[in-house]
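Welcome! Take a moment to look over the sequence and the 3D view, and then let us walk through a few spots together.

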Amino acid sequence: MSTIPLHTKAILYIIFTILLVGFIESPRLYTLTVGGQDSILKDPVLAYTAFAANTISTILHQQTIQVTLSAQNPIQKIIPKVSYTKPKAPYRIIIVGDSFIAEKFGPLLEKELLSYQDTQIWRIGVYSTGLSRPDYFDWNEKIKELITLYQPNIVIAMFGANDGQDTRTKDGKVVHYDAPEWDVEYATRVSTFLHILQENKIFIFWIGNPIAKTLKYRNTMTRLNTIYEQVLKTYTNTIFISMWDTLKDAQGEYNSYLPDENGMQRLARASDGIHATPFGANIMVQTLTKTMKDHLQIKPIQLNL
Amino acid sequence: MLFPTFTFFFFFVIVLSLNWALKKQPLAWRLFLLSASYIFYATWDIRFLPILAGLSILNFTSATLLSNMRSEKRKKITLAIIIILDILFLGILKYYDFFRVSMESFLQSIGMPANIPFLEILLPIGLSFYILRAISFNVDIFRGKLTLPPMLDFAIYIAFFPQLLSGPIMRPNDFLVQLKNGGAKTIENLHYHFALLIGGLFKKVVIASFLTLHITDSVFAVPENYSALTLLLAIYAFSIVIYCDFSAYSDMAIGIAGLMGFSSPVNFKNPYAAFSLQDFWRRWHITFSEWLKDYVYIPLGGNRKGEIRKRSNLIITMLVSGLWHGVGMSYIVWGALHGIGLTIQNLIHKTPGKILSWLLTFNFVCFTWIFFRSENLNDAFRIITELLSWQKGNNLLSCSLIITILGFFAFIFLEEKIRAFYVIIQNKLSFLGNVLLMALLIIEIMKLSPDIVPPFLYFQF
């Protein structure tokens, strides 16, 4: 080894180290790309195998995406409806979801709700998560933890931005995103989440995804929002808040800029065409809180000066 | 392509191999370096490439003119034009929308029509850094410190991928001389560069990510929801986050460049061990503060025009620093505070004891980070008010968290010694021993890392 040039040694170090890391870690770790984001050194062999398999199967299974939920929600046949009265103050509110909750919209919503009387807020936003990949992050398990910890009577949830991908059933079978049965599988996840909340007598505000810039994401968000709306209709303690129209422009199209109350065009969407800027997030917050006020007795904190 | 990702490692193995294979063919090697850098940049967004290329062509053209001009007056005008164009370019891409909204609000407030056109502007990552390199290139040509290199060499200097996105901000001559000489003939201090890579990975993926996800993001997003003690904890935690995040990137950039045969300047030297603000700025983002000194402070007159000018030059320089870092008043306030702090220190001739000096400097720096990290000026002042009023709220404090933070501080202070010790061990181990050691360290880092690793902080600048 001492006769090998140092630069060759460096290359060999890198190659052998990565191979060794992959060899040792691949049995333990699972597939890497979630929501299109690069992860850090997780499961290289499985990751690339899965990526290759996914690419090939996507090409082989290419078909028009259609929402195929039956009119009678098959899930609801299993889970009976439960009805109870809406929660009263004090409100213990958990806000959960993906990157929309982790930054911009989530914190602004938290700030807004803190300005109301009798509210206690906990916000848990986890980047790159959703309901499609419980193997990566299991929101159904997490929500049980949060309910035990914080005893909420209201949950505000927002998912979907990372959910337009293949998923796995509990027995490990892969369900491709463009397969008709994907919708049923995903609806089951949504229903399970709602059922956990319902069992604990928690009122749910479910936030739909706003219009996105690219056609691909727009189709995904439309599909998911439709699933959410259909599943939520079968529960009595839920409100679906659509953000689709909230962030559309006057022509009903996606626009990064939207007018403020003075008619000034302000940047409302981030450069990825999905997330909102603070201005756009504030529009979403106002839409949500307007609906919340219709259903709850929330009042701003009065300052006694 | 982030450095600590598998995609980058595969890219780097190929680039590293070809880099050393092509070194004996200077033209092919240079073309390869440029292509690799442009490919790296294109993985972020292919639309960034014309901006990088266009800026390179523009600045090289002006440098060529400067080199060939004889008239001092014309040279000064040409230099002024290119600097204005560079700053304008940065300003438009980075600050246009902030300017538009602020100007429209102001015009509306005085009852005037406000119809400044809005533009959907693409802001290329790394722009703030390579604009500085371009400016220093033209200034050095003007000052006669640098002879005009081939255009290809200049293009590589601007785009060199290890330093493209977040520095270190290398001086043109320092880089171009290495390029002209074909880079190093072998890798010097091989194990030191690997130590930088692994150390950088640990700092970013474990320390910075842990604190960001568990404390700083939540607390700074909604400070009114947390107790004063938690706010204090978050401030100290953020001081670790910003150091680990930024120095991790610098370390990895230096390590990667080093493995390619390029030596880079040190960018951080245990900054939180500083005994004064002056000392802090000689240890923190060293290449940037040196750039500010040579291209802002000294051209303004430095300390050669009397005490009053010296102090105002200091404050202006730090305001420029704040402005460069970000869009918003909070960055300007951050810069101003450092400017004022440096000025006050210059006025005080009798310094307190070492421990008190260190405590004051460290806590002042942490205090100013409030403005740097807060979402806006309102939030920054809210944090300060809540600290002073000792507000009650949600509490994230726990013994384990405090011990963890103290542990991270200890790591930061002992970092150089730990790295030196690691290099000694690596030097004693065989090839297989080193592979095993690095693999084990990487696996442990992976185990300690959170599921999600936030992006590098300085990418936003």
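## A threonine in a helix

In which helix of chain B does B:Thr317 lie? The answer is α13, which covers residues 307–325; helices here are DSSP runs of H or I with at least four residues, strands are runs of E with at least two, and both are numbered from the N terminus. B:Thr317 is buried, with a relative accessible area of 5%. Buried means under 20% relative accessible area, exposed means over 50%, and partly exposed is in between, using a 1.4 Å probe and protein chains only. Leaving aside neighbours within four places in sequence, B:Thr317 is in contact (heavy atoms within 4.5 Å) with B:Leu292, B:Val296, B:Tyr297 and B:Leu300.

## How to read the model

This is a predicted model, in which local features need pLDDT of at least 70 and side-chain atom pairs count only at pLDDT 80 or more, while totals for chains, interfaces and linings use all residues. Residues are numbered from 1 along each chain as its sequence is written, chains are lettered from A and ligands numbered from 1 in the order in which they are written, and side-chain values use heavy atoms, with hydrogens and water left out.

## A bent helix

Now find α17 of chain B, residues 399–428, which bends by about 65° at B:Leu414. The bend is the angle between axes fitted to the seven residues ending at a residue and the seven starting there. Among the buried residues of α17(B) are B:Leu401, B:Ile405, B:Phe408 and B:Ile412. Their cover includes α9 (190–221), α10 (228–259), α15 (354–373) and α18 (431–448) of chain B.

## Chain A and one of its arginines

Chain A has 8 helices and 9 strands, and 52% of its 305 residues count as buried. Of its contacts with a separation of 6 or more, 71% are between residues 24 or more positions apart.

Where is A:Arg266 found? Look in strand β9 of chain A, residues 265–267. A:Arg266 counts as partly exposed because its relative accessibility is 24%. Not counting residues up to four places away in sequence, A:Arg266 touches residues of both chains, including A:Tyr257, A:Phe279, B:Arg100 and B:Val101. The side chains of A:Arg266 and A:Asp260 are joined by a polar contact of 3.4 Å. Such a contact is a pair of N or O atoms within 3.5 Å; within protein, one must be able to donate a hydrogen and the other to accept it, and residues adjacent in sequence count only if both atoms are side-chain atoms.
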